[in-house]
Amino acid sequence: MLRDITLGQYYPADSVIHKLDPRVKLSAAMIYIISLFCCKGIAAFFAATVFLITVIKLSKVPFQFMVKGLKAIVVLMLLTAVFNLFLTPGKPLVSFLIFTITEEGLKNAVFMAVRLTYLILGTSVMTLTTTPNGLTDGLEKSLSPLNKIGVPVHVIAMIMSIALRFIPILIEETDKIMKAQMARGADFETGNLIRKVKNMIPLLVPLFVSAFRRADELAMAMEARCYNGGEGRTKMKPLRYQAKDRIAYLILFGYFAAVIVCRIFLPWPA
Amino acid sequence: MGIIKARQLVHEYIRRDEEGNVESIQTALNHIDIDVEPGQFIAILGHNGSGKSTLAKHINALLPPTEGTLWVDGKDVSEEANTLAVRQTAGMVFQNPDNQIIASVVEEDVGFGPENIGVPTEEIWKRVENSLKAVGMLKYRMHSPGRLSGGQKQRVAIAGVMAMEPKCIVLDEPTAMLDPNGRKEVLRAAHELNRKKGVTILLITHYMEEVVDADYVYVMDQGELVLQGTPGEIFSQVDVLKEHRLDVPQMTLLADMLKKAGVPIPAGVMTRAELAEAVLRCAGSMSDMSFHGQ
């Protein structure tokens, strides 16, 4: 179950998308999310679909791998779809008992589901094709103006990259503790929700203890290697925009313009 | 002056209760004197709780001494202005390989140290390549540390320290969590750095087998230095070692038992080859004796 989480996982491959500057990918993900919520009408969604599929194809990440990330949000998606379906006021389409499905409701439900799916897929393309370190480097550099108003950008980026590095280690550890506790008769499967939550205690306590111990040791190891904050640090892999990054930005803005145009001129079915 | 010099070094762990009153004082280091010359391979032996890790943390300025002085390359570690310089001179490798690898790609982790001390980008790449080569991990440079074996992770950690070009590396029980193969890998890497690059190595361990090839050995127990000398000198005192709860290498133990049983074997035998040779020599002279006796 825990291993299905694709968020923050890197899929190594040799593709154009992998080689792009992380800042490009970060802004692409942002713009893509914004464009999804600007979408209105089939034409705009068609543009979003074409863009997403092209990027996925270019990234050489297997499609099944991306879909795995969707599993985690199936419940959320169903929930929003159901709410949209039944609770949107408008022209009634079908009506039974106290429920009424309206035309607008149906439209909203479908578009919302598509939006959420694309949102997850779009952001997973970014995380799957960028090393966690690249991602935080990109974030650090794009947010560095905030340093002037006292936001500790470097510290935040360092925290993020360490968190990402420790996700697989802590997942493995959870697995190990779970098995050890199960061997002693702990039960994580049966009972109602409250029981299940209670049963998690023998899992969470040792996990937290070991996480704190790890944090302590890691901090010491970092200090031993002369880490003392962002000042005076150099970069092994400094970020520099190249020709392909500029082209990527152009394509990105082209796509965004297309979505806006579709929204204004072809908003069917609005 | 040696690269590491300690005079009357004391460290006390003070436990306080909630009001700040001293509850108990545990002396982890009790008036330690140590001298290490550049280029030596030093082993510090000790049982759990002997204070050996505390000593290691002093050498890297991670812990301040309570009393006494420790100089690393002529710099007093208790002065805060020296902290970074000391850490650059004496690198440190810890016990758990997972908790000291910071980046998610091997080469980025090796580059972490040089990045911190402000080495220019091109120079970082050069250093990363050289230090990965020195520990034999160059072909894993693009790998994720999670997929490496324990011994390989520990070698990456050593490379990470090497990339800062320290004069001295302190290895704090680097093999405690490894399998026998991983242990051999790490020790081989450490010895190679010592021989080829002239880096001073301080190996802290509780495995007696690992100190056999050291130049000089310090034995610690309960915060005190109880024995020091060359491995040969140390291992000739099997009874003293046992008193300090240290396991003697099997060959030394066997030699000692033979000696106590009346077989004339020299003290300080450490390896299988040495013991075999000694036993053969004895067997030769004994069979002569028995022959003449009849």
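Q: How much area do chain A and chain B bury between them?

A: Buried area is the accessible area (1.4 Å probe) that two parts lose on being put together, summed over both. In this predicted model, chain A and chain B bury about 3,000 Å², with 54% of it on carbon and sulfur atoms. On the side of chain A, 31% of the area buried against chain B is supplied by A:Arg165, A:Arg225 and A:Met236, more than by any other three residues.

Q: What conventions apply here?

A: Residues are numbered from 1 along each chain as its sequence is written, and chains are lettered from A in the order in which they are written. Local features need pLDDT of at least 70, side-chain atom pairs count only at pLDDT 80 or more, totals for chains, interfaces and linings use all residues, and side-chain values use heavy atoms, with hydrogens and water left out.

Q: How many residues does each chain bring to the contact?

A: Contact means heavy atoms within 4.5 Å. Chain A contributes 27 residues and chain B 35 residues.

Q: How many salt bridges link chain A and chain B?

A: A salt bridge places a side-chain nitrogen of Lys or Arg within 4 Å of a carboxyl oxygen of Asp or Glu. Five are counted between chain A and chain B. One of these pairs is B:Arg87 with A:Glu223, at 3.2 Å from N to O.

Q: Which element gives the most to the side of chain A that touches chain B?

A: Helices are DSSP runs (H or I, at least four residues), numbered from the N terminus. The helix α10(A) gives the most, with eight residues.

Key. Helices (H or I, at least four residues) and strands (E, at least two) are DSSP runs, numbered from the N terminus.
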